[in-house]
Amino acid sequence: MNKKCFTAEQVLMLRENPYTYQVDQYRLAFTKEFKELFYSEYQTGTLPRQILAKYGYDPAVLGQRRVWGISGHIREQYNKYGGFHEGTVYSARAKSASLHSGMPASEKDELKQLRYEVDFLKQEVAFLKKISSIRTTRK
């Protein structure tokens, strides 16, 4: 399958958009706010290409296939979960791919990654405390 990759300049341009949650050379993930705006306008009959252009995304840079894919994923997420979440299901994988691709990470991306790691470590510590308390109370 041939995927249209973003150039380094396009990645930097997409990162500057306030509705971009994360971007690398292969994927573009949106904020929860953008998904809600997109879905509400799509329900009124506005075309995906027009919605993306309105919020600062150049449909020519994204490509027609990706524009329709974005629309499909947002609708699917709403139908499946009844709402939206930040990024994509693949955000964790995309973060590690962008770190290894040599693309410069923005401070915003680094901060998000560090927050994610802190939350994960807090969960891990809580889990280990529970395991430890179970082992000591089973005697």
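Which residue, whose phi is positive, follows helix 2? Gly 45 follows helix 2, and its phi is near 105 degrees. This is a predicted model: local features need pLDDT of at least 70, side-chain atom pairs count only at pLDDT 80 or more, and totals for chains, interfaces and linings use all residues. Residues are numbered from 1 along each chain as its sequence is written, and side-chain values use heavy atoms, with hydrogens and water left out.

**Overall layout**

- The protein has seven helices and two strands. Helices (H or I, at least four residues) and strands (E, at least two) are DSSP runs, numbered from the N terminus.
- From the N terminus on, the order of elements is α-β-β-α-α-α-α-α-α.
- Of the 139 residues in the protein, 33% are buried. Buried means under 20% relative accessible area, exposed means over 50%, and partly exposed lies in between (1.4 Å probe, protein chains only).
- The protein exposes about 9,600 Å², and carbon and sulfur atoms supply 56% of that area. Accessible areas come from the Shrake-Rupley method with a 1.4 Å probe; for residues, only the protein chains shown count as cover.
- Take the contacts between residues at least 6 apart in sequence: 54% of them join residues at least 24 apart. Contact means heavy atoms within 4.5 Å.

- Helix 2 covers residues 32-43. Its 12 residues should span 16 Å at 1.5 Å a residue, and its end C-alpha atoms are 17 Å apart, which agrees. The expected span is 1.5 Å times one less than the number of residues.
- The buried residues of helix 2 are Phe 34, Lys 35, Phe 38, Tyr 39 and Glu 41. They pack against strand 2 (28-30), helix 3 (48-54) and helix 5.
- Two packed helices are described by the angle between their axes and the distance between the axes.
- The axes of helix 2 and helix 5 (residues 64-81) come within 10 Å and cross at roughly 95 degrees. Therefore helix 2 is roughly perpendicular to helix 5. Here axes are lines fitted to C-alpha atoms, for helices over the stretch in contact, and angles run from 0 to 180 degrees between N-to-C directions. Angles of 65 to 115 degrees count as roughly perpendicular, under 35 as roughly parallel, over 145 as roughly antiparallel and the rest as oblique.
- On the helix 2 side, the residues that meet helix 5 include Phe 34, Phe 38 and Tyr 42. On the helix 5 side, Ser 71, Ile 74 and Tyr 78 are among them.

**Lys 35, a buried lysine**

- Lys 35 sits in helix 2. Its relative accessible area is 4%, so Lys 35 counts as buried.
- Leaving aside neighbours within four places in sequence, Lys 35 is in contact with Phe 30, Ile 74, Gln 77, Phe 84, His 85, Glu 86 and Gly 87.

**The N-terminal part**

- Lys 3 lies in the segment before helix 1. At 45% relative accessibility, Lys 3 is partly exposed.
- Lys 3 and Arg 66 are 63 residues apart in sequence, yet 9.4 Å apart in space, C-alpha to C-alpha.
- Leu 14 is in helix 1 (residues 8-16). Leu 14 is buried, with a relative accessible area of 4%.
- Not counting residues up to four places away in sequence, Leu 14 touches Phe 6, Thr 20, Val 23 and Tyr 57.

**Helix 7**

- Helix 7 (residues 107-137) has 31 residues, which should span 45 Å at 1.5 Å a residue; its end C-alpha atoms are 45 Å apart, which agrees.
- The buried residues of helix 7 are Asp 109, Lys 112 and Gln 113.
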